[in-house]
Amino acid sequence: MEAKMQIATQTATQTALNTFVHETGAWVASQLEACTRCGMCAEACHFYQATGNPEYAPVWKIELVRRAYEQRFTFGGKMRVAMGLDKPVNDNALEAWSKIVYEACTMCNKCAMVCPMGIQLGPIIHNVRAGLSDAGLVPEDLKTAVRKQEEIGSPLGATDSVYDQRMEWVADEWEVELPMDVKGADTLVVFSSIEIMKFPENIAAIAKILNKAGEKWTLSHKAREVVNFGFYEGNEHLTKLFMQRVFDGARELGVKRILVTECGHAYDALRWTAANIMDVPNVEITHVAGYIWQLVGAGRIKLKQGALDDKGVITFHDACKIQRRGGHIDEPRELLKILAPNAFREMTPNKEQAICCGGGGGVIAIKEADPQRYKVFEMKMEQANRVGAKTVAMFCSNCRLQFTDGVQKYNPPFKVAGMSQLVADSLVE
Amino acid sequence: MQKQGVTRRQFMQMCGVMVGAMGLRVQPPVRESGLPVQMARGFNPITTVAHALQTKPRVPVIWLEFQDCAGCSEALTRSHNPSLVDLVLQYITVEYHETLMAAAGLQAEQNKEDAMKKYAGQYVLVVEGSVPAGIDGNYCTIGGRSALDLLKEAAAGAAAIISTGNCAAFGGIPKAKPNPTDAKGVWEIITDKPVVNIPGCPAIPEATTGTLFNFIVFGKLPELDYLNRPKTYYAQTIHDRCLRRPFYEAGKFAESFDDEGARKGYCLYKLGCKGPTTYNACASIKWSGGLSFPIQSGHPCLGCSEPNFWDGGGFYQGQSAPLDRPTIVTAGAAAAVGVVAGAGIAMANRAQKGRGDKTEPSEGAKS
Amino acid sequence: MNWDNILEFARGPFFQVALFIFIAGMLFRFTRIVLLGWGKDRVKSKGSKIGGVAKTYAKAILILPFLPWVKNTFNRNPIIYIAGGLFHLGLFIVIFLGTAHMLVWKSLIGFGWFTLPLPIVDWFAAVAIVAMLALFINRLVNPVLKLISGPAEWLNLLIVFVPMVTGYMMTHHLLQPYEMLFSWHMLAVDVLLIWIPLSRISHFMFYFFARTIHGAQFGKRGVTP
């Protein structure tokens, strides 16, 4: 048994190194060369700020890629490791880093904004995950969820039948029409398991909005899961597979656009990553955070002015993958300008500089990450309490999951709300 | 001197000036200073000098010129105090000086030989001009003998050797690149005796005469620095004493000759002044009896009292600039070496990348 | 020690060698990266990549050094911002706007430019030296820096510090004869020139890669970088 493990971990190091080397072209290498070891990135990382653990510094998270690059591609690196002035990549290192990059990183990329050189640390950390994934060193909880999505199409266990059941129930309970597999529809709407299993009111809300706007939309059996746990893992094969299901559904139904609902990393994967790793159908890929405002702007739906002004201070939590990494920063604020012109307050920092909820990137799925995840939530609570918020609204259901879990644990004076729901509740009939 | 109408008062005044020029200090007698009894006698160098000049015999001087322009001798004729006339007529006997002596040819050479024999161990040897070592020293010959030979012969019996001017001290202008005659300073050739260097182009005449006087009065050489220059005249840089120093500090520079800044007397650093690294007394004693010195007259210091000043990076190039500018060819060669080596490594690295399992990297960092 | 000879060596042949190594080394590093392979970005842009690049350079050069609190994380660790910023500011002013250095550039590239008066440049040099000391202490006590700093980081600090301090001493003729300080300064500069392509001090070249990629990737998403 021990001998088997030994061989397995040796191969692991080699596999990981191969992946690191393969993924390090001029894009990555030029950025690795730019790092001056100034340590500023740590100051942006919510995990470092919340726990004070220097190993959570983003520059340390990408250390494996740096070692692989320097020790394989440069004279200096080869010499230093030979002289014992630098550490090599080995199985122990891989195990240690697996914990750091999966359990203490949400891929929020705030570190890139703080780096004086502008190094895109988030995507490089993704490369670290890719190597660890190939080496088979992924936290068990996450691996289980990924396997579930691979086998039954959803990390949260929403099988085909569960999906059908839930959709039927939602349509019935909230009296909304949920068109399914409509060929020739304009827009394919793909929900996330989190909404299906935990926040079904979201489904009803988005359906209500689209129906009110007269949108020719549809759901799809094939493309029923927008979440991408392969993307969390950094497993390129599975990332592609999960997105393929969505694209197949889109192609099958001949839609013009794919609408990602309240999920963050799904948007990052589909809109900003897919085209570089696979064939993408010629469709527009957009997110409810932007699309709802488009509908308002086109006059297809009308919102009640000041509908949320009487419920105390309302603030907006920027989801890393929808706002900073997605670009839909102004649209939620435009919506809230109408819905709560007097009650809306911005947290500090906000917009592209906002602090991550702490649960993204797969972190909330891993039990071992709970301690630091809750510590980060304490930071978010402090932010919200500083503006006296009674409601914290957001466009991402993973953030919402983290907030809901945290609210349950800490019982702060604010409630958590999904933006689509707030909009749906404020539609002018 | 009395015969020439020099009064005792004038003589004492002159001694006072010499004492000042030599940098000797006066220690007043006890009664006036409150010094302890042991120092009751006090030390008044003026009387010491006067006494020495009155009682000591005139010092024989043999002045050799080799690869020189006679500029240092020229400058000596403008020595203010003592004047060359005073020097030659009263304190030294010039046994041999090509430029100044009336004699010529074999007679002059014979006189020199006789003096060297007669005053062996007593004469002061002053050398002007560099000594070439090339082709066995035959780039410079006098009376059929090489300068090298003549120097060694004269140095053997000298009580003291003084190199006056940059050429004799450090090789001077003949030593400038490519130094075709293999010119050397005296002290590179005479290594068994102390050689005093009085560099400059020319040397400040008071520096030469002052050093001679030091020997005349005290019978020994003055305190020397690491380049064997008398500290009296060479302990400070031009920059330390320059009258335009405040403009250097304030960043007011002349940008070109006779521009507005130059006319206002601004600092000449940008015009290539070598003042900061040049040790000489130009800024304090000045030239022509304290009349002026190059910077005061608007020309940057050439650093003419420093070794290799001719190759010091150009007279009008700022002193901070490197001595040699790399040529386009060298820079191009460096660039080519870098690019070729980098390309080679990059290719090897790309090959290494290609050995992975996947075909096209996703390179998440593209996003 | 004959400091005149040492000075001649440091300003002459040693400088030539150091400059050769610097040029060859920097181009080696540059080429090694540029030819490593740039995969095409096939993702459709939402905003403007070029706009993002322009914005990030403008922000990084014109705004952030002077209004660091615009970057919210300034409050967390002002030391690195302030000391790092002041060090670079002082460095640029001394190297490009100091008369002595401008004359070096003039001799190398053929033309010179306007410079600041000595007392002003001097003040910035002093500020830069103090900033370096602060950065040094920070690297000793900050837990993240302790983790990521190796021998190279300490050497970087030392090899940059010595030219600055000797340059300052030289200008003020402090403690030692001028040609000795000048020699030390030139020797230190020569060592620095050789060390730059071998170390992370070359970041001033790779800065442009990272900053441009950063601006483009944020601009592509329509987010202010």
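Two strands pair if DSSP finds at least two bridges between them. Helices (H or I, at least four residues) and strands (E, at least two) are themselves DSSP runs, numbered from the N terminus.

## Basis of the report

The structure is a predicted model, in which local features need pLDDT of at least 70 and side-chain atom pairs count only at pLDDT 80 or more, while totals for chains, interfaces and linings use all residues. Residues are numbered from 1 along each chain as its sequence is written, and chains are lettered from A and ligands numbered from 1 in the order in which they are written.

## Chain A: confidence and overall form

The predictor's confidence in each residue is given by pLDDT, from 0 to 100. Chain A has a mean pLDDT of 94, with 98% of its residues at 70 or more. Residues 1-7 of chain A have pLDDT under 50, and the model gives this stretch zero contacts beyond four places in sequence; a contact requires the C-beta atoms of two residues, placed from the backbone, to lie within 7 Å.

Chain A contains 23 helices and seven strands. The radius of gyration, taken over C-alpha atoms, is compared with a globule rule of 2.2 Å times the number of residues to the power 0.38. For 429 residues a compact globule would have a value near 22 Å, and the 22 Å of chain A agrees with this. Along the principal axes, the C-alpha atoms of chain A fill a box of roughly 75 × 50 × 40 Å. Of the contacts in chain A with a separation of 6 or more, 81% are between residues 24 or more positions apart. Buried residues make up 60% of the 429 in chain A, where buried means 20 or more other C-beta atoms within 10 Å of the residue's own, exposed means 12 or fewer, and partly exposed lies in between, with C-beta atoms placed from the backbone.

## The four-stranded sheet of chain A

Four strands of chain A form an open sheet in the order β2-β1-β3-β4, with parallel pairing. Its edge strands, β2 (217-218) and β4 (284-287) of chain A, each pair on one side only. Strand β1(A) is joined to β2(A) by two bridges and to β3(A) by four. A:T187 has A:W217 as its bridge partner in β2(A) and A:R257 as its partner in β3(A).

Helix α16 (residues 236-253) of chain A lies across β1 (187-190), β2 and β3 of chain A, at about 150° to β1(A). Helix α17 (residues 265-272) of chain A lies across β3 and β4 of chain A, at about 160° to β3(A). Axes here are lines fitted to C-alpha atoms, for helices over the stretch in contact, and angles run from 0 to 180 degrees between N-to-C directions.

## A covered strand in chain B

All five residues of strand β7 (residues 160-164) of chain B are buried. B:A160, B:I162 and B:T164 cover one side, and B:I161 and B:S163 the other. Strand β7(B) pairs in the parallel sense with β3 (residues 124-128) of chain B over five bridges, and with β9 (residues 195-198) of chain B over four. B:I162 stands opposite B:V126 and has B:V196 as its bridge partner in β9(B).

## Contact between chains A and C

The contact takes 41 residues from chain A and 46 residues from chain C. On the side of chain C that touches chain A, helix α10(C) gives the most, with nine residues. By class, this side of chain C has 19 nonpolar, 16 polar and eleven charged residues; Ala, Val, Leu, Ile, Met, Phe, Trp, Tyr, Cys and Pro count as nonpolar, Asp, Glu, Lys and Arg as charged, and the others, Gly among them, as polar.

## Backbone features in loops

The peptide bond from A:T348 to A:P349 is cis, with omega near -5°, and A:P349 is in the loop between α20 (330-339) and α21 (370-386) of chain A. The bond from B:C201 to B:P202 is also cis, with omega near 0°; B:P202 is in the loop between β9 and α11 (205-218) of chain B.
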